[in-house]
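Please keep the model open beside this note. The points below can be checked against it one at a time.

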Amino acid sequence: MSRVSLILPTTEGDPRPDALVPSVRSALENAGHEVEVIVVCDGLEGPHEGFLSVESRYPGLASSAIAGLQVASGEVLVILDPRMGYAPESLPAVLTPLDRGEAELVVASRYLEGPQSGRLRARIGRFARPFTGTTDPLSGLIAMTRGALESASHFKAVGARFSLEFLSKVQGRRMDVPAIVGSSSRRGLPGWDDLRHLKRLADHQYGNASRLIQFCVVGASGVFVDLTFYALFIKLLSGTPLADYVVPPTQVRLSLAIAAALAGSVALVWNFSLN
(Lines give C-alpha, C1' and ligand atoms only; values in the text may rest on other atoms or scores of the structure.)
Protein backbone atom coordinates (compact mmCIF):
# COMPACT_ATOMS: atom_id res chain seq x y z
CA MET A 1 0.00 0.00 0.00
CA SER A 2 1.03 3.62 -0.49
CA ARG A 3 2.15 6.37 1.86
CA VAL A 4 -0.80 8.73 2.24
CA SER A 5 -0.81 12.41 3.21
CA LEU A 6 -4.24 13.30 4.62
CA ILE A 7 -4.86 17.05 4.71
CA LEU A 8 -7.56 18.55 6.94
CA PRO A 9 -7.93 22.24 5.99
CA THR A 10 -9.74 24.70 8.24
CA THR A 11 -10.50 28.38 8.07
CA GLU A 12 -11.17 31.14 10.58
CA GLY A 13 -14.07 30.28 12.87
CA ASP A 14 -13.95 26.52 12.24
CA PRO A 15 -13.56 24.20 15.24
CA ARG A 16 -10.22 22.42 15.53
CA PRO A 17 -10.45 19.00 13.88
CA ASP A 18 -8.27 17.26 16.51
CA ALA A 19 -11.10 14.91 17.48
CA LEU A 20 -11.44 13.74 13.87
CA VAL A 21 -7.79 12.76 13.50
CA PRO A 22 -7.85 9.37 15.34
CA SER A 23 -10.85 8.01 13.40
CA VAL A 24 -9.63 9.02 9.94
CA ARG A 25 -6.10 7.84 10.68
CA SER A 26 -7.40 4.47 11.89
CA ALA A 27 -9.60 4.06 8.80
CA LEU A 28 -6.59 4.49 6.51
CA GLU A 29 -4.15 2.46 8.62
CA ASN A 30 -6.63 -0.41 8.89
CA ALA A 31 -6.73 -0.44 5.08
CA GLY A 32 -2.96 -0.98 5.10
CA HIS A 33 -1.75 2.55 4.36
CA GLU A 34 1.09 4.46 6.00
CA VAL A 35 -0.51 7.76 7.02
CA GLU A 36 0.69 11.32 7.51
CA VAL A 37 -2.03 13.66 8.83
CA ILE A 38 -1.64 17.40 8.25
CA VAL A 39 -4.00 19.85 9.96
CA VAL A 40 -4.03 23.38 8.53
CA CYS A 41 -5.15 25.57 11.41
CA ASP A 42 -3.99 28.97 12.65
CA GLY A 43 -2.36 28.93 16.08
CA LEU A 44 -1.44 25.22 16.00
CA GLU A 45 1.77 25.33 14.00
CA GLY A 46 4.31 22.63 14.88
CA PRO A 47 4.30 18.89 15.63
CA HIS A 48 1.45 17.41 17.66
CA GLU A 49 0.55 13.91 18.75
CA GLY A 50 -0.81 12.08 15.74
CA PHE A 51 -0.59 14.94 13.24
CA LEU A 52 1.46 17.83 11.90
CA SER A 53 -0.06 21.31 12.07
CA VAL A 54 0.72 24.16 9.68
CA GLU A 55 -0.69 27.62 9.08
CA SER A 56 -1.97 29.08 5.83
CA ARG A 57 -0.65 32.43 4.63
CA TYR A 58 -4.01 33.31 3.04
CA PRO A 59 -7.64 33.08 4.26
CA GLY A 60 -10.12 30.57 2.92
CA LEU A 61 -10.46 26.80 2.94
CA ALA A 62 -9.04 26.39 -0.57
CA SER A 63 -5.88 28.27 0.39
CA SER A 64 -5.59 26.10 3.51
CA ALA A 65 -5.80 22.95 1.37
CA ILE A 66 -2.98 24.20 -0.85
CA ALA A 67 -0.88 25.09 2.22
CA GLY A 68 -1.23 21.50 3.40
CA LEU A 69 -0.22 20.12 0.01
CA GLN A 70 2.97 22.20 0.05
CA VAL A 71 4.32 20.32 3.09
CA ALA A 72 2.86 16.88 2.32
CA SER A 73 5.34 14.10 1.58
CA GLY A 74 3.05 11.21 0.66
CA GLU A 75 2.81 9.42 -2.67
CA VAL A 76 -0.97 9.93 -2.53
CA LEU A 77 -2.66 13.14 -1.37
CA VAL A 78 -6.10 13.17 0.23
CA ILE A 79 -7.94 16.38 1.11
CA LEU A 80 -10.90 16.19 3.48
CA ASP A 81 -13.20 19.06 4.49
CA PRO A 82 -13.80 18.34 8.21
CA ARG A 83 -17.07 20.30 8.17
CA MET A 84 -18.87 18.06 5.69
CA GLY A 85 -19.29 15.01 7.90
CA TYR A 86 -17.79 12.33 5.65
CA ALA A 87 -17.71 8.93 7.32
CA PRO A 88 -14.15 7.60 7.92
CA GLU A 89 -14.84 4.59 5.67
CA SER A 90 -15.12 6.97 2.69
CA LEU A 91 -11.37 7.61 2.88
CA PRO A 92 -10.14 4.12 1.89
CA ALA A 93 -12.76 4.14 -0.89
CA VAL A 94 -11.17 7.12 -2.65
CA LEU A 95 -7.74 5.47 -2.48
CA THR A 96 -8.70 2.13 -4.02
CA PRO A 97 -8.83 3.35 -7.68
CA LEU A 98 -5.46 5.11 -7.21
CA ASP A 99 -3.85 1.96 -5.79
CA ARG A 100 -5.18 -0.05 -8.72
CA GLY A 101 -3.88 2.48 -11.26
CA GLU A 102 -7.41 3.16 -12.54
CA ALA A 103 -7.32 6.95 -12.05
CA GLU A 104 -5.08 9.87 -11.09
CA LEU A 105 -7.82 11.86 -9.32
CA VAL A 106 -10.74 10.43 -7.37
CA VAL A 107 -13.78 12.33 -6.09
CA ALA A 108 -16.05 11.17 -3.26
CA SER A 109 -19.41 12.00 -4.82
CA ARG A 110 -22.69 12.63 -3.00
CA TYR A 111 -24.51 12.57 -6.35
CA LEU A 112 -23.26 9.34 -7.88
CA GLU A 113 -26.19 7.40 -9.28
CA GLY A 114 -26.96 4.30 -7.26
CA PRO A 115 -29.44 2.67 -4.88
CA GLN A 116 -28.58 5.08 -2.06
CA SER A 117 -28.94 8.29 -4.12
CA GLY A 118 -32.26 9.99 -4.64
CA ARG A 119 -33.61 10.84 -8.06
CA LEU A 120 -32.85 14.55 -7.74
CA ARG A 121 -29.27 13.94 -6.59
CA ALA A 122 -28.66 11.56 -9.49
CA ARG A 123 -29.97 14.15 -11.95
CA ILE A 124 -27.69 16.83 -10.50
CA GLY A 125 -24.75 14.45 -10.88
CA ARG A 126 -25.57 13.61 -14.51
CA PHE A 127 -25.88 17.31 -15.34
CA ALA A 128 -22.54 18.23 -13.72
CA ARG A 129 -20.41 15.44 -15.17
CA PRO A 130 -20.07 16.71 -18.82
CA PHE A 131 -18.90 20.14 -17.62
CA THR A 132 -16.64 19.19 -14.71
CA GLY A 133 -15.65 15.57 -15.25
CA THR A 134 -17.36 14.54 -12.00
CA THR A 135 -20.86 14.20 -10.59
CA ASP A 136 -19.93 16.26 -7.51
CA PRO A 137 -17.74 19.28 -8.37
CA LEU A 138 -18.25 20.72 -4.86
CA SER A 139 -17.07 17.58 -3.09
CA GLY A 140 -15.20 17.95 0.18
CA LEU A 141 -13.20 14.75 -0.22
CA ILE A 142 -10.80 14.16 -3.11
CA ALA A 143 -7.60 12.16 -3.63
CA MET A 144 -4.85 12.39 -6.23
CA THR A 145 -1.46 10.92 -7.01
CA ARG A 146 1.76 12.82 -6.45
CA GLY A 147 2.45 12.72 -10.19
CA ALA A 148 -0.92 14.28 -11.02
CA LEU A 149 -0.33 17.06 -8.49
CA GLU A 150 3.14 17.87 -9.81
CA SER A 151 1.90 18.04 -13.41
CA ALA A 152 -0.77 20.60 -12.51
CA SER A 153 -0.40 24.30 -13.24
CA HIS A 154 0.09 26.93 -10.55
CA PHE A 155 -2.58 26.93 -7.85
CA LYS A 156 -4.19 30.22 -6.86
CA ALA A 157 -7.35 29.50 -4.92
CA VAL A 158 -9.69 31.64 -2.83
CA GLY A 159 -12.95 30.75 -1.12
CA ALA A 160 -14.06 27.40 0.27
CA ARG A 161 -14.46 25.15 -2.79
CA PHE A 162 -11.01 23.60 -3.06
CA SER A 163 -12.36 20.77 -5.24
CA LEU A 164 -12.96 23.23 -8.08
CA GLU A 165 -9.29 24.24 -8.09
CA PHE A 166 -8.04 20.67 -8.43
CA LEU A 167 -10.71 19.57 -10.90
CA SER A 168 -9.75 22.49 -13.12
CA LYS A 169 -5.97 22.14 -12.98
CA VAL A 170 -5.08 18.52 -12.20
CA GLN A 171 -4.91 16.44 -15.37
CA GLY A 172 -5.36 12.71 -15.79
CA ARG A 173 -8.05 10.08 -15.49
CA ARG A 174 -10.86 10.80 -13.04
CA MET A 175 -13.21 8.55 -11.17
CA ASP A 176 -16.11 9.05 -8.78
CA VAL A 177 -16.76 6.80 -5.81
CA PRO A 178 -19.86 6.92 -3.57
CA ALA A 179 -19.50 9.12 -0.51
CA ILE A 180 -20.97 8.40 2.90
CA VAL A 181 -21.94 11.68 4.54
CA GLY A 182 -23.35 11.82 8.05
CA SER A 183 -26.06 14.05 9.48
CA SER A 184 -23.42 16.38 10.96
CA SER A 185 -22.53 17.69 7.52
CA ARG A 186 -22.42 21.47 7.33
CA ARG A 187 -21.10 23.81 4.70
CA GLY A 188 -22.03 27.43 4.15
CA LEU A 189 -23.53 28.97 1.05
CA PRO A 190 -21.13 30.18 -1.67
CA GLY A 191 -19.59 33.54 -0.81
CA TRP A 192 -18.00 36.37 -2.78
CA ASP A 193 -14.59 34.65 -2.73
CA ASP A 194 -16.19 31.53 -4.21
CA LEU A 195 -17.52 33.60 -7.12
CA ARG A 196 -14.06 35.13 -7.61
CA HIS A 197 -12.61 31.63 -7.61
CA LEU A 198 -15.09 30.47 -10.27
CA LYS A 199 -14.18 33.45 -12.43
CA ARG A 200 -10.45 32.67 -12.19
CA LEU A 201 -11.03 29.04 -13.05
CA ALA A 202 -13.26 29.91 -16.02
CA ASP A 203 -10.57 32.29 -17.32
CA HIS A 204 -7.93 29.60 -16.85
CA GLN A 205 -10.02 26.95 -18.62
CA TYR A 206 -11.57 28.94 -21.48
CA GLY A 207 -9.41 32.07 -21.81
CA ASN A 208 -10.83 34.97 -23.85
CA ALA A 209 -14.12 33.15 -24.50
CA SER A 210 -14.78 33.20 -20.75
CA ARG A 211 -13.90 36.90 -20.50
CA LEU A 212 -16.18 37.77 -23.43
CA ILE A 213 -19.12 35.93 -21.87
CA GLN A 214 -18.50 37.65 -18.52
CA PHE A 215 -18.34 41.05 -20.25
CA CYS A 216 -21.66 40.38 -22.00
CA VAL A 217 -23.32 39.20 -18.78
CA VAL A 218 -22.14 42.29 -16.90
CA GLY A 219 -23.38 44.52 -19.75
CA ALA A 220 -26.79 42.85 -19.76
CA SER A 221 -27.07 43.24 -15.99
CA GLY A 222 -26.16 46.93 -16.40
CA VAL A 223 -29.09 47.43 -18.78
CA PHE A 224 -31.43 45.88 -16.21
CA VAL A 225 -30.02 48.08 -13.43
CA ASP A 226 -30.28 51.19 -15.65
CA LEU A 227 -33.94 50.61 -16.60
CA THR A 228 -34.94 49.64 -13.06
CA PHE A 229 -33.44 52.75 -11.47
CA TYR A 230 -34.74 54.92 -14.31
CA ALA A 231 -38.29 53.81 -13.53
CA LEU A 232 -37.68 54.32 -9.80
CA PHE A 233 -36.26 57.84 -10.20
CA ILE A 234 -39.10 58.84 -12.57
CA LYS A 235 -41.62 57.84 -9.93
CA LEU A 236 -39.72 59.69 -7.20
CA LEU A 237 -39.29 62.89 -9.23
CA SER A 238 -42.68 62.98 -10.90
CA GLY A 239 -44.29 64.61 -7.87
CA THR A 240 -41.64 67.33 -7.54
CA PRO A 241 -41.43 70.78 -9.20
CA LEU A 242 -38.80 69.35 -11.56
CA ALA A 243 -41.62 67.73 -13.54
CA ASP A 244 -42.91 71.20 -14.50
CA TYR A 245 -39.71 72.30 -16.22
CA VAL A 246 -38.30 71.28 -19.59
CA VAL A 247 -34.76 71.15 -20.90
CA PRO A 248 -34.32 73.48 -23.89
CA PRO A 249 -34.18 72.90 -26.79
CA THR A 250 -35.29 69.27 -26.37
CA GLN A 251 -38.48 70.04 -24.47
CA VAL A 252 -37.79 66.98 -22.33
CA ARG A 253 -39.07 67.26 -18.79
CA LEU A 254 -36.26 68.04 -16.35
CA SER A 255 -37.41 65.21 -14.06
CA LEU A 256 -36.91 62.69 -16.89
CA ALA A 257 -33.48 64.07 -17.75
CA ILE A 258 -32.31 63.90 -14.13
CA ALA A 259 -33.78 60.39 -13.73
CA ALA A 260 -31.89 59.24 -16.84
CA ALA A 261 -28.63 60.79 -15.61
CA LEU A 262 -28.94 59.26 -12.14
CA ALA A 263 -29.90 55.82 -13.46
CA GLY A 264 -27.03 55.91 -15.96
CA SER A 265 -24.60 56.80 -13.17
CA VAL A 266 -25.79 53.90 -11.02
CA ALA A 267 -25.46 51.48 -13.96
CA LEU A 268 -21.99 52.85 -14.74
CA VAL A 269 -20.80 52.22 -11.18
CA TRP A 270 -22.43 48.76 -11.24
CA ASN A 271 -20.70 47.71 -14.47
CA PHE A 272 -17.36 49.18 -13.43
CA SER A 273 -17.46 47.40 -10.05
CA LEU A 274 -18.32 44.00 -11.54
CA ASN A 275 -15.77 44.28 -14.32
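1. Ground rules. This is a predicted model, in which local features need pLDDT of at least 70 and side-chain atom pairs count only at pLDDT 80 or more, while totals for chains, interfaces and linings use all residues. Residues are numbered from 1 along each chain as its sequence is written, and side-chain values use heavy atoms, with hydrogens and water left out.

2. Overview. The chain has nine helices and 10 strands. Both are DSSP runs numbered from the N terminus: helices are H or I of at least four residues, strands are E of at least two. Of the 275 residues, 43% are buried. Buried means under 20% relative accessible area, exposed means over 50%, and partly exposed lies in between, using a 1.4 Å probe and protein chains only. The chain exposes about 15000 Å², and carbon and sulfur atoms supply 61% of that area. Accessible areas come from the Shrake-Rupley method with a 1.4 Å probe; for residues, only the protein chains shown count as cover. Among contacts between residues at least 6 apart in sequence, 72% join residues at least 24 apart. Contact means heavy atoms within 4.5 Å.

3. Strand β1. This strand covers residues 3-9, and six of its seven residues are buried. Seven bridges pair β1 with β2 (residues 34-40) in the parallel sense. Strands pair if DSSP finds at least two bridges between them. L8 has V39 in β2 as its bridge partner. Between the two strands the chain passes through helix α1 (residues 21-30), and this β-α-β crossover is right-handed. That means the path from the first strand over the helix to the second runs clockwise, with the strands pointing away from the viewer. β1 is also joined to β5 (residues 76-80), in parallel, by four bridges. There, I7 has I79 as its bridge partner.

4. Cores. The largest nonpolar core has 27 residues; L6, V37, V78, L80, V94, L95 and L141 touch the most other members. A nonpolar core is a set of buried Ala, Val, Leu, Ile, Met, Phe, Trp, Tyr and Cys residues joined through side-chain atoms within 4.5 Å. Elements that each supply at least two residues include β1, α1, β2 and β5. Helix α3 gives the most, with four residues. A second, separate core of 26 residues includes A65, A72, I142 and M144.

5. L141. Which residues is L141 in contact with, leaving aside its neighbours within four places in sequence? They are V78, I79, L80, Y86, S90, L91, V94, V106, V107 and A108.

6. S64 sits in helix α2 (residues 61-71). At 2% relative accessibility, S64 is buried. Apart from neighbours within four places in sequence, S64 is in contact with P9, T10, V40 and S56. G159 lies in the loop between α5 (146-150) and α6 (162-169). G159 also counts as buried, at 8%.

7. Aromatics. There are two aromatic pairs. Rings of Phe, Tyr and Trp (its six-membered ring) pair if their centres lie within 6.5 Å; planes under 30 degrees apart count as stacked, over 60 as edge-to-face, and the rest as tilted. F229 and F233 have ring centres 6.0 Å apart and planes at 40 degrees, so this pair is tilted. They are four residues apart in helix α8 (residues 208-237), so about one helical turn separates them. F229 is partly exposed at 29%, whereas F233 is buried at 17%.
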